[in-house]
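Please open the structure in a viewer and follow the stops below in order.

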Amino acid sequence: MAGLYIHIPFCKKRCLYCDFFSTTQLERREEYTAALLKEMAQRLCEASEPIQTVYIGGGTPSTLPSEPLIAIDQLLHSYRIAEYTMEMNPGDVRATYLQELRQTGINRISLGIQSFQDNLLHLVGRRHDAQQAKEAVHTAQEAGFDNISIDLMYALPTQTMEQWDAWECSISRHTD
């Protein structure tokens with residue numbers, strides 16, 4: 001099975017722990033996505049087998065407006081993509097944006113929640129808080145996404161086992 005990873009290197013704010021290539025130069029998004037679309041159009045035919053999974057990661061792909069994501073989807077229209085994932089920062093989750101994403105083939109949202117503890121989120125430089133994280137899961141569900149993953153970080157500085165154990169209660173109360 002062939003998969004495709006698409007890296008979107010833009011972030012509104014750099015997280016202290018991140019080792020991935022990223023930039024906060026959001027003014028370069030249009031230039032980057034134009035080059036990305038051009039390269040995809042030239043190289044998709046080089047795949048040795050049909051692409052069945054797509055993962056749009058970063059950086060923070062949800063810093064992009066929906067138009068380039070729709071254009072990416074149009075380039076992939078001839079493939080039978082089983083799982084089409086996009087990473088999102090919980091602070092970027094908006095019902096209207098998710099509805100626009102539903103117009104693409106994206107069928108899985110991966111939320112970079114990292115923690116449900118505000119003090120830990122602040123410690124690692126995240127721009128959302130625990131409440132926004134919970135609301136992001138709920139908003140994605142309401143938008144029709146039933147395949148949602150969340151990233152959680154373990155063993156953060158000062159994190160206790162009690163804090164780690166508390167995450168399940170945080171989300172399960174919100175998703176019932």
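On a 1 Å grid over the protein atoms alone, a pocket is an open set of points where a 1.4 Å probe fits, with protein on both sides within 12 Å along at least five of seven lines; lining residues have an atom within 4 Å of a point. This is a predicted model, in which local features need pLDDT of at least 70, side-chain atom pairs count only at pLDDT 80 or more, and totals for chains, interfaces and linings use all residues. Residues are numbered from 1 along each chain as its sequence is written, and side-chain values use heavy atoms, with hydrogens and water left out.

First, select Tyr17, Gly59, Glu87, Gln114 and Arg126: of the 24 residues lining the largest pocket, these lie nearest its centre. Next, colour β2 (51–58), β3 and β4, the elements that give two or more residues to this lining. With four residues, β4 gives the most.

Now move to Asn89, in the loop between β3 (83–88) and α3 (95–102). Is Asn89 buried or exposed? Its relative accessibility is 5%, so Asn89 counts as buried (under 20% relative accessible area; 1.4 Å probe, protein chains only). A polar atom of its side chain lies 2.7 Å from the backbone nitrogen of Gly91. Beyond four places in sequence, Asn89 is in contact (heavy atoms within 4.5 Å) with Thr60, Ser62, Arg126, Arg127 and His128.

Finally, select Tyr97, Leu98 and Leu101, which are buried in α3. They lie on the same side of α3, because they cover an arc of only 100 degrees around the axis. The buried residues of α3 pack against α2 (66–75), β3, β4 (108–114) and α5 (130–142).

Conventions:
Buried means under 20% relative accessible area, exposed over 50%, partly exposed in between (1.4 Å probe, protein chains only). A polar contact is a pair of N or O atoms within 3.5 Å; within protein, one must be able to donate a hydrogen and the other to accept it, and residues adjacent in sequence count only if both atoms are side-chain atoms. The arc is that of the directions from the helix axis to the C-beta atoms.
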